[in-house]
Amino acid sequence: MILAVDTSLGTAVAVVTLDGDVRAEAVSENHLGHAEVIGDLIQNALQAAGNPEITHVAAGMGPGPFTGLRIGIAAARAFALARGAQLVPLVSHDAIALAALDNGTTDTFIVYTANIMAILGLRALYFALAAMVHRFHYLKYALAVVLVF
């Protein structure tokens with residue numbers, strides 16, 4: 001069985017078979033209370049699934065808020081170490097794409113959250129420059145040079 005832990009949006013825990021059948025899940029929509037609820041969610045999901053032997057722990061790696069991700073990853077890692085289970089990092093984009101494909105979509109889709117400026121932590125600079133981009137003829141080239149170095 002797999003224990004899946006994701007704190008990229010709210011807090012979610014699920015117990016899943018290796019075939020993908022969800023046996024139990026526990027969710028908290030509170031985006032700020034990850035540390036307060038993660039232990040209870042794991043315990044509740046395991047009890048609802050009949051306390052199965054967990055062989056793998058999937059940890060949601062984001063993207064998402066740093067503190068929330070850190071709590072979920074730490075909980076998943078601690079559980080895996082304590083139970084001797086294999087820890088498997090899972091990028092949230094991959095999970096979203098796989099869910100869409102498993103649900104039979106034939107449409108083209110893109111899983112998108114941020115551009116390179118946001119990834120580098122320059123979100124405020126990006127929005128300031130985006131508002132004035134029409135004034136800078138060579139901005140694209142200058143940013144390309146900055147990002148290369």
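Predicted model: local features only at pLDDT ≥ 70, side-chain atom pairs only at ≥ 80, totals over all residues.

Visitor: Why is Ser28 called buried?
Guide: The relative accessible area of Ser28 is 13%. The term buried applies under 20%, and therefore Ser28 is buried. This residue lies in strand S3, which spans residues 22–28.

Visitor: Which residues does Ser28 touch, beyond those up to four places away in sequence?
Guide: Ser28 touches Gly10, Thr11, Val37 and Leu41. Thr11 is also the residue that stands opposite Ser28.

Visitor: Why is Asn51 called exposed?
Guide: Its relative accessibility is 54%. Exposed means over 50%, so Asn51 counts as exposed. Asn51 belongs to the loop between helix H1 (34–48) and strand S4 (56–60).

Visitor: What is the phi of Asn51?
Guide: Asn51 has a positive phi of about 50°, although it is not a glycine. Most residues other than glycine have a negative phi.

Visitor: Which residues touch the most other members of the largest nonpolar core?
Guide: That core holds 21 residues, and those touching the most other members are Leu3, Val13, Val15, Ile42, Ile54, Val57 and Phe79. Strand S1 (2–6), strand S2 (11–16), S3, H1, S4 and helix H2 (66–83) each supply at least two residues of this core. The largest share, 5 residues, comes from H1.

Visitor: What makes Ile54 a member of this core?
Guide: Membership requires a buried residue of a listed nonpolar type, joined through side-chain atoms within 4.5 Å. Ile54 is among the core residues that touch the most other members. Leaving aside neighbours within four places in sequence, Ile54 is in contact with Met1, Ile2, Leu3, Val15, Leu46, Phe79, Arg83 and Ala85. Among these contacts, Leu3, Val15 and Phe79 are likewise named as core residues that touch the most other members.

Visitor: How many helices and strands does the protein have, and what pattern do they follow?
Guide: The secondary structure comes to 6 helices and 5 strands. Read along the sequence, the pattern is β-β-β-α-β-α-β-α-α-α-α.

Terms used:
Residues numbered from 1 in each chain as written. Heavy atoms only, no water. Helix = DSSP H or I, 4+ residues; strand = E, 2+ residues; numbered from the N terminus. Buried < 20%, exposed > 50% of the residue type's maximum accessible area, 1.4 Å probe, protein only. Contact = heavy atoms within 4.5 Å. Pairing = 2+ DSSP bridges.
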